[in-house]
Every structure is written in structure tokens, then in C-alpha cells.
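Please keep the sequence and the structure at hand while reading.

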Amino acid sequence: MGSLAVFYGGEQSQNIYQRGLQNGLEISRLSQAELKEREPYVNGLEAILVPDAGIVDYPEIAEKLAEIIQSRGGDIYYQQHVYAIHEHAEYVEVQTLQTSYQAKQLVNCAGLHSDRIAKLAGYETGMRIVPFRGEYYVLNSNKNYLVNHLVYPVPNPDFPFLGVHFTRMYNGKRDVGPNAVLAFKREGYLKTDFSLRDLAEILTYKGFWKIATRYFSEGMAEIRRSFSHKLFTDDARRLIPDLQPEDITLGTAGVRAQALTADGKLVDDFHFLVGRRSLHICNAPSPAATASMEIGREIVRRYFSVP
């Protein structure tokens, strides 16, 4: 399948291309004519092709991982509300509303609640998780010919999120999105989802106001696109000018667990915090699901460094 990073201007292409080479990717630069051969409807001056990029059915992967864990004697418990964590000399204890668990080590991969879990264990992360909802549209199947690859715009260095892009899914569908709007609940997958506790934590965090001031105009534009089908389409048309509002229908949404420091900086790299008998993954930026296997290997490497 492969992915294409499309450039509207050429000043960033060399830097990104060199970065890809430094990370061991087999990539190539495409001229405008070569871009049009692969993606006739995509607007751009040039592109970078990443042939090995692709899409998987991640829920199916998660189900398979759960199956492997259980086949090797592991147990999986759902709907457990953790309210206390105690690290002792020889073990760690996790208390939930239902029961308590004891183990030699604890790995915190709680995503939207990773900072809270770390705090329950007695650690300050120096950051707070702020939820951003990413809303997607789906390209109507009779318009699938508009997109052949995973088509991304070059990131805007003045805005911390990637922006709307086109994704050729494993099942043949084409996703369009996402945007990035502040969610009023950590699991705020719907516009109507609201948590007074979660919102109060955001609004009383000085880091939020610093970033909100810095990106006020961009943030307001994201909110307008969230409520306007036409504005969302207009944004996507920067990549594919032939796209029309009637070509896309509203799809699902995800929530990004974004770590934000007190000085208003978005943490754009993985952040690990090592405790006495615990390891806390406090930030796993996009594409965390894509990188999950390598994240798992890093957890194992760091796990054995914990006493």
C-alpha cells in the first residue's frame, strides 16, 4: 500500500527525507509528475513515498494479544477502578473497588489515566494528560478512486497536530481526518461527553492556558471544523481539490491522551517513569498503536532494569 507525505512547498521536504533515511526507512522522493502517476487527484508539488507503510485491524490484533496472554496463563480483568497503589520491598499491591492484586512488578499503560495511576503510586510525572478528540469522516465508496495510498500533509511546525489526511483502510474504506478538538472528558468520544472532574483538571492547569493562548486561532478553527461539515471538507480539499461535502459521511472518533507540561509544552516523545517496583508509560504519542510492538520491547528492556 505505502504512504505519501505530500508537500505544498519544498522547503521542508529535504529535512524530512533525511530524517527518514537516518531512521533506516527505505523511502524515495517523488516529483510532482511522479506523484500524479500514483495519486492523480492529490494536490502537491512533490512527495515522499514510504513503501513499507500500511494499515492493520488493530482491534483484531488486541484480541490476538489477549488470546496469547491467556494461553500462557495470564489473566485479564476489565472494569477495575484503581484507587490505591502501594509499593513494598518485595511486591507491589494494586487496590481496586472490587478486590486487590499483588505482583512483583507493575507496568502502567493506562493511556488517558496514566498520570493518575502514576500519582496513585506516589510519583509526580511533571505533566498532565489532556484529552483531544479526533473526529473522522469516511469517503463514500463510489469515490474511493480518489485515494490509492495513505496520504498525509507535511506537518505544520506552528501547530502540534498533524492535520486532516486520507487513510486507505485494511477493509477498503477511506478515512478522512482527524481534526483535534479539546474533549470535555478523558473518554470524550462524543461531543456530548462531559466530566466535571476532568474539565476542572484541565481548566485549573496553568499549562493548558499557556498552550490555549499560544494556539488560540488554530484551536478555534479546529472547533469550527468540528461543527461544520463544509469547513471540514474545505480543509481536506487542500490535499484533494475534487472532494465535495457530499462525498464524505461522519464516521467514528478517537481520543488522544496528550501529555502537557506545566509550561505549556506538548510532550512529543515517549515518556517513561521508573518507580521502585513499577514502570509508568506516561506519554505514548501517535502513532502509539502502530508502534505498540516496539513499545512492548522497550517496556521489557526497562522492566529488567527495575529491581
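## Salt bridges

Lys64 and Glu67 are joined by a salt bridge, with 3.1 Å between the closest N and O atoms. The model is a predicted one. Lys64 and Glu67 are three residues apart in helix H3 (residues 58–71), so about one helical turn separates them. Lys64 has a relative accessible area of 43% and is therefore partly exposed. Glu67 is also assigned to the partly exposed class, because its relative accessibility is 45%, and the limits of that class are 20% and 50%.

Side chains of opposite charge can pair when their charged atoms come close. The structure holds 16 salt bridges, and two further pairs are described here.

Glu298 and Arg301 form a salt bridge with an N to O distance of 2.7 Å. Both residues belong to helix H9 (residues 292–303), where they are three residues apart, or about one turn of the helix. Glu298 is partly exposed, at a relative accessible area of 21%. Arg301 is partly exposed as well, with a value of 48%. Elsewhere, salt bridges with shared partners connect Asp115, Arg116, Arg186, Arg197, Asp198 and Glu201 in one network.

The side chains of Lys191 and Glu135 also meet in a salt bridge, at 3.2 Å from N to O. This pair links distant parts of the chain, as the two residues are 56 residues apart. Lys191 sits in the loop between strand S12 (181–182) and helix H5 (196–203), while Glu135 is in strand S8 (residues 127–139). Is Glu135 buried or exposed? With 7% relative accessibility, Glu135 counts as buried, because the buried class covers values under 20%.

| Salt bridge | N to O distance |
|---|---|
| Lys64 and Glu67 | 3.1 Å |
| Lys191 and Glu135 | 3.2 Å |
| Glu298 and Arg301 | 2.7 Å |

## Surface patches

Which residues form the positive surface patch? The patch consists of Lys206, Lys210, Arg214 and Lys265. Arg214 is part of helix H6 (residues 206–214). The relative accessibility of Arg214 is 42%, so this residue counts as partly exposed.

A nonpolar surface patch is made by Phe216, Met220, Ile223 and Phe227, and its area is about 430 Å². Ile223 lies in helix H7 (residues 216–227). Like Arg214, which is partly exposed, Ile223 falls in the partly exposed class, with a relative accessibility of 38%.

## Backbone features and loops

Most residues other than glycine have a negative phi, and most peptide bonds are trans. What kind of peptide bond joins Gly177 and Pro178? The bond is cis, with omega at about 0°. Pro178 is placed in the loop between strand S11 (174–177) and S12.

Gln79 is not a glycine, but its phi is positive, near 55°. This residue is located in the loop between H3 and strand S4 (82–87). Gln79 has a relative accessible area of 74% and is therefore exposed, since the exposed class begins over 50%.

Lys173 is in the loop between strand S10 (165–168) and S11. At 48% relative accessibility, Lys173 is partly exposed.

## Overall form

The protein contains nine helices and 15 strands. Its radius of gyration is 21 Å, close to the 19 Å that the globule rule gives for 307 residues, which means that the protein is as compact as a globular protein of that length. Along the principal axes, the C-alpha atoms fill a box of roughly 65 × 40 × 35 Å. Of the 307 residues, 40% count as buried. Glu135 is one of the buried residues, at 7% relative accessibility.

Conventions. Residues are numbered from 1 along each chain as its sequence is written. This is a predicted model: local features need pLDDT of at least 70, side-chain atom pairs count only at pLDDT 80 or more; totals for chains, interfaces and linings use all residues. Side-chain values use heavy atoms; hydrogens and water are left out. Patches are made of residues with over 30% relative accessible area and no salt bridge: like charges are joined within 9 Å, nonpolar side chains (Val, Leu, Ile, Met, Phe, Trp, Tyr) within 5 Å. Accessible areas come from the Shrake-Rupley method with a 1.4 Å probe; for residues, only the protein chains shown count as cover. A salt bridge is a side-chain nitrogen of Lys or Arg within 4 Å of a carboxyl oxygen of Asp or Glu. Lys and Arg count as positive and Asp and Glu as negative; His and the chain ends are not counted. The place of a charge is taken as NZ of Lys, CZ of Arg, CG of Asp or CD of Glu. Helices (H or I, at least four residues) and strands (E, at least two) are DSSP runs, numbered from the N terminus. Buried means under 20% relative accessible area, exposed over 50%, partly exposed in between (1.4 Å probe, protein chains only). The radius of gyration is taken over C-alpha atoms; the globule rule is 2.2 Å times the number of residues to the power 0.38.
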